[in-house]
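The following exercises concern a set of chains and the contacts between them. Each task is followed by a worked solution.

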Amino acid sequence: MLEPAAVLLGAELPICGTWTGGGNLDPDSGSDVPLLAASSVIVKYGTLTAVHSASFAVKAREVVSLLGANGSGKTTLLRAATGIIPISAGLLQCQGENAAAWLPARFVRSGVIHVPEGRHLFPEMTVLENLRLGALAKPGGANVRLERVFALFPKLAERRSQEAGTLSGGEQQMLAIGRGLMGDPVLLILDEPSLGLAPIVVESILETLAQLRREGMSMLVVEQDVHVAVSVADRCYLMETGRIVLEGDPASFLENEKVRHSYLGLSDS
Amino acid sequence: MSPSRWLGLGAAFALLFAAPYLPFRTNYGIGLLVLAIMYGYMNLCWNIAGGKAGIFSLAHGAFWAIGAYTSTLAYQKLGLTPWLGMFLGALVAALTAAILSLAFRARVRGIYFAMISLALVFALQGLVASSPWMGGATGLFIPLKQDLANFSFVDKWPYATVITAMFAALVLFLIAIKEGRLNDAWLAIREDENAAEALGIPTFRYRVIAMAMSAGLIALAGTFYAQYVLFISPPTVLGLEVMIGMLLGTMIGEIGTIIGPILGAVFFVAITELIQAAIPPSSSAGAAGGLIVYSAVLIVVIMGAPHGIAGLVRARMAKVRNQNRETTVSAKPFDVGRLAEALKMQHVTDFGAEILRVEGVCVNYGGVAALSNVSLRIPRGKIVAIIGPNGAGKSTLFNVLSGFVAPHSGEVHYSGKSIKGIPTYQLCRDGLVRTFQHVRLFSGSTVTENLRVGARARSKDIGRTVDDISHALGLQNRSQHLASQLTISEQKRLELGRALATKPEVICLDEIMAGLDHDEVVELSGLIRAVNATGVTVVLIEHVLKAVVNLADLVLVLDKGVTIAYGTPEQVMSEKIVVDSYLGQRASRGMSGLVGGGS
Amino acid sequence: MNAIQTIVSGLLAGAVYVLVAMGFTLVFGVMRIVNFAHGELVMLGMYGALVLWTQWGVDPLLSLPLVALAVGAVGALMYRLAIRPILAAPHFNQMVMTFGLLILFQSLILLAFGGDLRTVNVSYADLTIIPWGIVISIPQLIAGIIAASVSAATYIFLERSTAGSAIRACAQDQMGYALVGGSIERVRLGTFALSAALAGAAGAVITPFSVISPFVGIDITIKAFLIVLVGGLGRVEGTLLAGVIFGMAESVLNRLLPSGFATGVLYCAVIAVVIARPRGMFRGSVG
């Protein structure tokens, strides 16, 4: 059986306070309203249907992972769920409000922050500038959040005047997450955080995610790497050719035939 | 072209030729006719570069002027008759265009090229205006000699006949090359330059041809103009009015066709006359008024009808026509027999011997090693798959072995020879073809046109190859549909078909199964196996592991730029390191029994 | 002395070129649009200054802020009406559009003011200072200084202010900017307006010693484009260096060759450079 992530990863970092997204949501209010929920969402590119009727939800203080192979539609679904591309049909709600027509900036202001695949940092700007831009939508309290990001990622503090484009892959991912945190999120969405990173770096990213989880941050993690996906999550979804085909807790995921088929192509015929 | 079309064309030309001689003609009317036809001719010339080859050039006004100046100077200084001076002008213009085209070698494209071409216009303006022997800023007069031998007439109607003859000749020429090699090459370059190179088209060469040809042809009209108005000067021939007239004409008409530019010319002349009737042309208000109208119309057209007004009409008609077909036709199943017909390779006797070899290849991108010391030997006639997680270097390796990227160290040999320094189009002509991860079809062209471009690479009988491949891939019912109108799976078939039309010896397929559902994967796998059965070596990048397991003879697994396994699918899939790299570095116990248990 | 004079005058001209090219390159960086009509905005600035001079006797250098603002507003309008609709259009359409705008502006001014060449005869138009025997025209000197200052101020704005960071961020990664909650649309509008204002300022500042005609715009656009191409598209530092060099080269050539010839040779030379080094000469060494 898979042990809890916290124990696996050894020493804990001190909790520096909780990430509750400022005044947007009180996670202890006991509200069951999901932070982000999609119901039967269909996403099309022209005539091509990339996502066929997907439904998922992320509640407060929850870490959900969305697992899927290349081309399964998970990034498309994520982009639709954060306003980057439009949904063709279905319901999208952010903290109870209808978010189907929202632009990305609106999601950011509501505390749903998307750290994209490929990171999309500002390559010719310094680490510090990138982080400061992360607080664009919520300038109040930015300095406090900056200190916490540096506490979480000491490497970034060391390199604060270095241009983002010259950082290593792992440092760039840390910067991307840090920039996301600067926006004071209630829900942090990470699209393939482990992509292209060496194993040891992936481990440190996992530690960071576990730390954030301890501090109360809700997260939605989209991954191709099963290990990353199950080790931090409370709940998992599996996506295949545009459909969500499985939902459950991490342990059962690992035992599951479907996961095996998705990843090794070992189904019959 | 159908007989009825020829008849229509013949009638139109007959009318044009006869017009200046008809009883109810007026001098004014003939003058308009001359201008309209000349602009129509010029638009068609510009269209060769702009509409056909996709080169947005703002220098064609200058090439026209070069024609005018060259023949006039040759006439004045050397006494050369303009009938010959015309061709001298065409030569000078073509050479100038060819030199400007060197920019394409330097990867200058699109708007950057447009700007440079504009700079050329102004460079010429400056040079001519400050050269007294070229008439300077005041210009040159052409003596009125009323002499057939010297291209000079008193009346307007001989001019009308000359320009109509030139126009007719150009139209016939354009019709003649319509389904020829030039047109196909230009189509490919215009739609997707990289795909064109991959399909064996030397894009630089054909671009230069388009520029030189269109420049030379338009220069002929420049001489005509000089002989018609008998006065040329930098403001009148090297100004921008000519260029905007051409753009307007092409936009009002439709880019890339024959009728379009003609309609545009007519429209342009009509507007010009209306404006001149309303405002006296000599005042600056007159000049300005005209330009305001031209530019305003141009802007409105661009916003509303990007392919020109005629284009709008055509698109709508095509939509209606194809809608009627939608219900009855869909793609047919594959026809493996036709495939064998198309691809048979009798001359090959060394199946099993090495055909493609990658040796110790390293590729670095800004400090990151995309490939480190990767080697691979591909035997002829086999299917080899390259797999690995995202970022493993598969695409880079693919680009290296298909000649798109040169490795920083290491070598690639195809058929025993190193491919270093060989341009991609040449590799295709030698039998090595690739497809692209994101389908790179010529979306504005029909299925047949797409296939034809592929067939040009190595086929002797183009029509036959296109027909065979079209049937083999079950696309024969969709042959007149635009590639953009096909479904995703049909588009993949077309992409594959187009590559197969090059009659390759080795075909490299880049994630061809992506986005297909289970049945489609099975179908396409069957086709690939059939292709391989004809003797074609297949190299695949794939993520859809079911396909890999079923198709591949050999599998290479990459991770972070390094080979981690190479062997048969069974061998490779049961290696722990492969399982780890796909499922994460520290797979838990639950995963250990997964491999080796399935089929 | 002649040589130094040529160089000095070239430097001053270069400063103005930098101001024009800066706006041009900003628009390219943020929107990937090459604005054929950019030089027309400079020309509008000249005419704006002309009007204020002839109507109210305001010296062009004093009317500069107002002119810059006015042309900036025209730029904003131009963006909203003509540029925004074609942002996603094929390059061909974008080119035809801005080319059409070029002709439109040129013709509107032609209609309004006629094609006659105008000048603004300020009192200090012929003043010169002669340090160490080098003759420097006062209007050109002032123009150069103002242009350099405005360029410097713009550079500082881009590097230090929040709005400036937003512009740079948008130019470097639009998606990233949207995901931190920024409005790409507002940045585009602001950038276009800023670029127009800079062009208008350049127009006003050269009015005291230039010939004003509706046809100067195109020449300026081509020069701005060639400078930006040499300096590296979208790179402000490269533009700076290239602008100054261009100014000097033009000055030198004007000295050695008759005027039309100089332009011809200069353009041909730049075309040759671009063909040889298409990515811009300074891409590796600056920024």
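**Exercise 1.** Among contacts in chain A between residues at least 6 apart in sequence, what percentage join residues at least 24 apart?

*Solution.* The model is a predicted one. Step 1: take the contacts of chain A whose residues are at least 6 apart in sequence; of these, 72% join residues at least 24 apart.

**Exercise 2.** Determine which elements chain A presents to chain C.

*Solution.* Step 1: count the contacts; 19 residues of chain A touch 13 residues of chain C. Step 2: identify the elements of chain A that give two or more residues to this side, namely helix H3 (104-109) and helix H4 (127-134). Step 3: H3(A) gives the most, with four residues. Step 4: by class, this side of chain A has eleven nonpolar, four polar and four charged residues.

**Exercise 3.** Describe the side of chain C that touches chain B.

*Solution.* Step 1: 41 residues of chain C are in contact with 41 residues of chain B. Step 2: helices H4 (91-113), H9 (216-231) and H11 (259-276) of chain C each give two or more residues to this side. Step 3: H4(C) supplies the largest share, 15 residues. Step 4: the classes are 30 nonpolar, ten polar and one charged.

Key: Residues are numbered from 1 along each chain as its sequence is written. Chains are lettered from A and ligands numbered from 1 in the order in which they are written. This is a predicted model: local features need pLDDT of at least 70, side-chain atom pairs count only at pLDDT 80 or more; totals for chains, interfaces and linings use all residues. Two residues are in contact if their C-beta atoms, placed from the backbone, lie within 7 Å. Ala, Val, Leu, Ile, Met, Phe, Trp, Tyr, Cys and Pro count as nonpolar, Asp, Glu, Lys and Arg as charged, and the others, Gly among them, as polar.
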